[in-house]
Amino acid sequence: MEAARESMAALLDAGLFASAQTLGCFLVSSAGASNDASMSMKAESLVLHGDALYGEKEFRRALNAYKQAMQYSRSIPRQATSNIRSSVSATGRSPSPNSSNLLPFNENEVKFKIALCHSALCEHREALQEMEGIPSKVRTLKMNLMLGKLYRISRNSRSAVLCYKECLRQCPYVFEAITALAEMGLSAKEFSLLFSQAPNRGGKLPTDSLDAQRWWNRYVEAQCCIASHDYKGGLDIYLELMQRFPNNVHILLEIAKVEAIIGKNDEAIMNFEKARLIDPNIMTYMDEYAILLKTKSDYIKLNKLVHDMLHIDPARPETCVALAAMWERKDERKALTYAEKSLRVDDRHITGYIMKGNLHLSLNRPDMAVTDFRGAQELRADLRSYQGLVRAYLALAKCKDALFTAREAMKVMHQSAKALKLVGDVHAISSSGREKARKFYESAIRLEPGFLGAALALVDLHVAEGRNREAVMLLERYLRQWADDSLHIKLAQVFAATNMLSDALSHYQSALRINPQNEAAKKGLERLEKQMKGVDPDAPEEDEDNEADDIDADQDDAELL
């Protein structure tokens, strides 16, 4: 069966896993002598069969094949194994990477493959146990990266750091290791030391190496800034790198993601669109883009984006979150099922937790929202998870927990206007805390004058205390500098509450001129028109079509799009 084994290795190298799997059934069921050489061939055939099953994403079957291979290998006496491998080496097999499937049985490689199967099945403890059985001296780059991820999942940060550092010593361009180490607090100086320890591949000229280290160091500094919540510092470095590498999709997406986190929605949308123009099939962070489009009520672009993502890869967690964003307006429960699906696909997808938490808040399930936002924080704490937790705790009337969380955000995000505003939001809940809230809002505005969220919160505080004139003056001052639809809506609401209906009408119309899809402006205008006709806007309406079924309710998502 030697010729069949060589053919199976060729099928695996060509990625023809279905044919390789079928051939593997013949190889592993072949009847032969029960001598040591036959047992060794059986073990190697099982490994090849496992590779074919893994390629077909049949992880449980692949796992079983690899474990059987290990059992066969261990049943062969050690002396006999070395003799067999010597004879196998003499057959003239190529040791090249493309023919790696033909190499003799390597127990450490099979352990790694077993760990990969366990990891794909979310059995991280079992995967870690297998990986720890591989001696550190023989671990390859991909083994160290895998082990680092598993240690991080098990919250063994110290061991994870050691593995990720070893990755960068072997190759400084393992960007997953850079991001992980930055998030675990490694300094830019320590990163630079690791770069100097990496081998000089290909005997490159010193000038070329210096140039590479220069931009590498700046990229690392950006990652360290963002990991420590210095978003402005990180953005400045990324913009500098864009000058050196124009149209770099990765940098564009990183910039857009940070802008989305800190609330620079218009800038984030623009950069996501730039990235899609360069690479229309990009999927990374596209769920973040979908959420921004939903926030801006731009459902035409959102539907187009989701349609494209379904066409590119419907199984990605980003696609599931984008579907959740699309369905949120029409059916929050269906949106929730898509958010949950994203986490079944990848239980470490942070945006999935954020979306799920916000949907649970909309469905008045704040206790479940707390669990979701905590899940996001355990993976990587950012402003949105803090904001979600504060909202959830306030909905549960757990003001102490909300205040503790807001203060924690302020502590980890130095000089953040958003964090200051978050503390103010907690104080604003009670009438006795409004003065403190006002001070926090004003501090946030001084720190970041263009932060409209703090200005709108201060307006709400003025209105709650009957200072409508101050609220109007503040909004009009901001409108002289920023033509924003949210400012017009807030001003319209203040005028409507004080019975200045014509002024309210003018500002609702201004908001819709800026953003014709703004749902809040549409609803406010509809409510205002009822007031102007002398109709109580809060009176229940009789729905003549109440019994009518939604003709689109049962359509598939692809058909709907």
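The protein chain exposes about 29000 Å², and carbon and sulfur atoms supply 51% of that area; accessible areas come from the Shrake-Rupley method with a 1.4 Å probe, and for residues only the protein chains shown count as cover. This is a predicted model, in which local features need pLDDT of at least 70 and side-chain atom pairs count only at pLDDT 80 or more, while totals for chains, interfaces and linings use all residues. Residues are numbered from 1 along each chain as its sequence is written, and side-chain values use heavy atoms, with hydrogens and water left out.

Of the 561 residues, 46% count as buried, that is, under 20% relative accessible area, with exposed meaning over 50% and partly exposed in between. The chain holds 31 helices and zero strands; these are DSSP runs numbered from the N terminus, with helices being H or I of at least four residues and strands E of at least two. Among contacts (heavy atoms within 4.5 Å) between residues at least 6 apart in sequence, 52% join residues at least 24 apart.

I turn now to individual residues. Thr405 belongs to helix H23, residues 399–412, and is buried at a relative accessible area of 1%. Leaving aside residues up to four places away in sequence, Thr405 touches Arg374, Tyr386, Leu389, Val390 and Tyr393.

Next, backbone angles. Most residues other than glycine have a negative phi. Tyr285, however, has a positive phi near 65 degrees; it sits in the loop between helix H15 (265–278) and helix H16 (286–295). Ala397, in the loop between helix H22 (383–395) and H23, also has a positive phi, near 60 degrees. Tyr285 counts as buried at 18% relative accessibility, whereas Ala397 is exposed at 62%.

Note on methods
Buried < 20%, exposed > 50% of the residue type's maximum accessible area, 1.4 Å probe, protein only.
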